[in-house]
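Reader: I am new to reading protein models. Please take me through one part of this one closely.

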Amino acid sequence: MRVPDRPTLTQDKDPSTIVYHLGMVATVPERAVWAVPARDPVAERKLRDELGLLPVVAAVLVARGLTDPAAAEKFLDPTLDQLHPPSLLPDYEAAVRAVLGAKERGETIYVHGDYDVDGVTSAALFTRFLKRVGCTVVPHVPHRMREGYGIHLDAVRWAAEQGCKLFLTCDCGSSAHEQVRAANEAGMTVVVTDHHQIGEDLPEAVAVVNPHRSDSRYPWPELSGVGVALKLCAGLTEELGHKSEAFYRAYLDLAVLGTVADVMPLLGENRVIAFHGLRSLKESNKKGVQALLRISDLTSKPKLTPRHVGFQLGPRINAVGRIEDSSTALDLLLTEDTTEAEDLAKELDRVNELRRAEQLRCVDEAVAMVEGRERPLGNTVFVSDATWHPGVIGLIAGRLVERFRRPAFVLSVQDGVARGSARSIPGFDLGEAVRAMSGIVLGGGGHAMAAGLSVVPDRLTELEEALETYAGAHLRPEDFVRRIQADAELSHDECGPECYEELSRLQPFGTGNPDPVFVCRGVTLSTVVPTSKPEHVRVTMGTDSGIRHAMAFGFGQELSAREPGCKVDAVFSIEENVFNGKSTVRWTLIDVQDSDC
């Protein structure tokens, strides 16, 4: 984290771009900064010669650090044998003994998940697998409003009342010291499986299976919660004398839902899970998954992508956890009845529409609140309201970050407590910021880019001012400027439609492995045709190698104001567009600037 020695004032040739580090931030340049790495022709040539790649694919691989042909080949061909042995997970043997011991003794296993997609799919995977191998299972996912995040002591008491002997957590539990002690005192054995950051002080469970442990020797710590569950169950499969490949084929559909929806980097094992999981998801024989695909209008898609999970499937599962009861989503993923699956999928869809309407209302109100203030925009965005549903405040914070390029703190005041969610920008660690507010907040924590906190309403103004000052000391002017990371600058003849098929070998795209982004300079802006929404336009661009068709979303008015025939530098991705059954390849423009060519 960057910390300036003292408050500074930066000013360039344009007086409108004055930025104060401590206190308030005035306007910053609207023009995006393009980060374009220099090409390495030697490394690219090596990949091209040994793997037979097009120059554009080699350029992307080199830009992303895959200069070794063997590593690049593994990346391009993710196979199940790239998954690491489950036995490398911390406390693997103790977890296996506890689970198989409960199975042999006929004891009931209580599976405790979480209310988001990762937690629900983790609970569904454990429940389905353990029942399949002969265990008695009672699954539970918490109610956001009644139980809150993590494990509520009431859940521990209820599990004990049901006669459960093994308390198995998934996507939670690494910090549940009090709850684990309570489960122990109630006569239950506790196995924690989780993927959240964890300190040195572990809960008193017989096993804490978390690849983020400091003593972990697991090669890939960035598994999702359902990824950890998947790997432990794969190990149990082998311990029971069966091959793990059939297990993976049966459960990767659930694993990919949680992995993508929890915004895990699609690299390493997660890339393997996503690559094969998306295919398993498309072909899933689980009644609930099939119904979810139908209600999301995805059954006719030739293949599924992380975007389908992130924007269509995941939000429907998350919606019930945000504003109603996440057990509805768990029931959907567990049901074996087609009619029940259809009814539950419709319920998820209905609640998701309510969530969307509530989110839109709250975002509009939050934006108006920020823009309606007389003082200039500060280092942070901080808003609160008693009418905002606690289940959508994280989504509001995300939208505020997109709009204002500031760390955003959104709080909902209910029952005498202001509970908030925060989202950040690169360069500002929210977890550290919340910990620095320990003298003000009732509690909270999180990661660099997302956090939660609570505070008494009387101290909201004090908290806002403290966060503003803290951010002023930890952010620089350039942190507020939109930054576009490109993979490579391409010549006119390198960026034609023929390279799309080869670029698709880099899929699935998502966090950690984003869609390739390129820069091409000195192209001619030929025509700009508005769609029904003027901010979105169809564009033709002339290059030395022919016409390129493109779409520009969100800045159509700016392009329409330019003179036809002008030269521009363009940042773009290359995508397939399917319309009326016809497939074409086009650019998707991300930004344009005047060309010096």
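Author: What follows looks at Asp487, then at a few other loop positions. Keep in mind that this is a predicted model.

Start with the place of Asp487. This residue sits in the loop between strand 14 (483-485) and strand 15 (488-489). Is Asp487 buried or exposed? Its relative accessibility is 9%. Buried means under 20% relative accessible area, so Asp487 counts as buried.

Now look at its partners. The side chain of Asp487 makes a polar contact with the side chain of Arg64, at 2.8 Å. Arg64 is also one of the residues that Asp487 touches, leaving aside residues up to four places away in sequence. Others on that list include Pro37, Ala59, Val60 and Ala63. Asp515, Pro516, Val517 and Phe518 are on it too.

Next, two other aspartates in loops. Asp91 lies between helix 3 (69-76) and helix 4 (92-105). Its phi is positive, about 60°, although Asp91 is not a glycine. Asp91 is partly exposed, with a relative accessible area of 29%. Asp415 lies in the loop between strand 10 (408-414) and strand 11 (417-423). Asp415 is not a glycine either, yet has a positive phi of about 55°. With a relative accessible area of 77%, Asp415 is exposed.

Pro508 is found between helix 18 (500-503) and strand 16 (518-530). The peptide bond leading from Gln507 to Pro508 is cis. Its omega is near 5°.

How values were computed. Residues numbered from 1 in each chain as written. Predicted model: local features only at pLDDT ≥ 70, side-chain atom pairs only at ≥ 80, totals over all residues. Heavy atoms only, no water. Helix = DSSP H or I, 4+ residues; strand = E, 2+ residues; numbered from the N terminus. Buried < 20%, exposed > 50% of the residue type's maximum accessible area, 1.4 Å probe, protein only. Polar contact = N/O pair within 3.5 Å; in protein donor to acceptor, adjacent residues only side chain to side chain. Contact = heavy atoms within 4.5 Å.
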